[in-house]
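Here is a short briefing on one protein chain. Look at the sequence and the structure first, then read on.

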Amino acid sequence: KKIVVLVSGSGSNLQAIIDACERQQIDGNVVAVMSNKADVFALERARLANIPSHVISHLDYSSRERFDKAVAKQIDDYQPDLIILAGYMRILTADFVNHYAGKMLNIHPSLLPKYPGLHTHHRAIEAGDKEHGTTVHFVTPELDGGPIILQAKVPIFIDDEEQDVIERVLAQEHQIYPMVVKWFCCDRLKMLNGKAYLDNQEI
Ligand code: GRF
């Protein structure tokens, strides 16, 4: 399967997926990386793995629609089977999402439906939550609202700094995201009528 990964930052989840493809745990290849920001470490990871990358800056477009169209055009050049959002910090237009219905995954650092949106770790700590985590889901037009595929939980300890929680969550993300991608690439995972199925069982 051909995979395109969208990033905006450090790309540690991108790396986990590249590594799983190289180990042949995932029956697929990352064929391209797209970033809306230049000079992010994710692009260096792509370069080191010999994967083509493209920077399309949202700042060069007058509207979200035009930007998303340009990104989609670049993605579609690769005719991918799967689009992976890995720390991609843009809100997506419904047209963009619908164009990839059932073929686009996101990882969000909270136990959805808790804390959609930004600053999830901070919000969980401030709320006094004892546990936190991360969620892999299919992407639908509702922000962080698509059907949930897999979650991992981590504890929040009383003397944790935000960075401790971020790192604990990332370690789990690097486990669960490649696992879900593996399921997708061997056709075990589907989205139908807004619901996620693994081995034909609703999740
Ligand atoms: C991850 O925590 C992911 O859940 C969120 O952004 C972060 C990206 O980290 N969407 P990285 O760029 O993969 O290192």
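This is a predicted model. Start with an open sheet of three strands, ordered S8-S9-S10 and paired in the antiparallel sense. Its edge strands are S8 (189–192) and S10 (201–202), and each pairs on one side only.

- Strand S9 covers residues 195–198 and pairs with S10 over two bridges, in the antiparallel sense.
- Tyr197 has Glu202 in S10 as its bridge partner.

**The whole chain**
- The protein chain holds six helices and ten strands.
- Its radius of gyration is 16 Å, close to the 17 Å that the globule rule gives for 203 residues, so the chain is as compact as a globular protein of that length.
- Along the principal axes, the C-alpha atoms fill a box of roughly 50 × 40 × 35 Å.
- Of the 203 residues, 38% count as buried.
- Among contacts with a separation of 6 or more, 66% join residues 24 or more positions apart.

**The seven-stranded sheet**
- A second open sheet runs in the order S3-S2-S1-S4-S5-S6-S7, with mixed pairing.
- Strands S3 (53–55) and S7 (148–155) are its edges, and each pairs on one side only.
- Neighbouring strands in this sheet are turned by 15 degrees against each other on average, direction ignored.
- S1 (residues 2–7) and S2 (residues 29–35) pair in the parallel sense over six bridges.
- Ile3 has Val30 in S2 as its bridge partner.

**Helices on that sheet**
- Helix H2 (residues 41–48) packs on the sheet and touches S1, S2 and S3. The direction of H2 makes about 150 degrees with that of S2.
- Helix H3 (residues 64–76) also packs there, touching S1, S2, S3 and S4 (82–85). The direction of H3 makes about 160 degrees with that of S2.

Note on methods
Residues are numbered from 1 along each chain as its sequence is written. This is a predicted model: local features need pLDDT of at least 70, side-chain atom pairs count only at pLDDT 80 or more; totals for chains, interfaces and linings use all residues. Two strands pair if DSSP finds at least two bridges between them. Helices (H or I, at least four residues) and strands (E, at least two) are DSSP runs, numbered from the N terminus. The radius of gyration is taken over C-alpha atoms; the globule rule is 2.2 Å times the number of residues to the power 0.38. A residue is buried if 20 or more other C-beta atoms lie within 10 Å of its own, exposed if 12 or fewer, and partly exposed in between; C-beta atoms are placed from the backbone. Two residues are in contact if their C-beta atoms, placed from the backbone, lie within 7 Å. Axes are lines fitted to C-alpha atoms, for helices over the stretch in contact, and angles run from 0 to 180 degrees between N-to-C directions.
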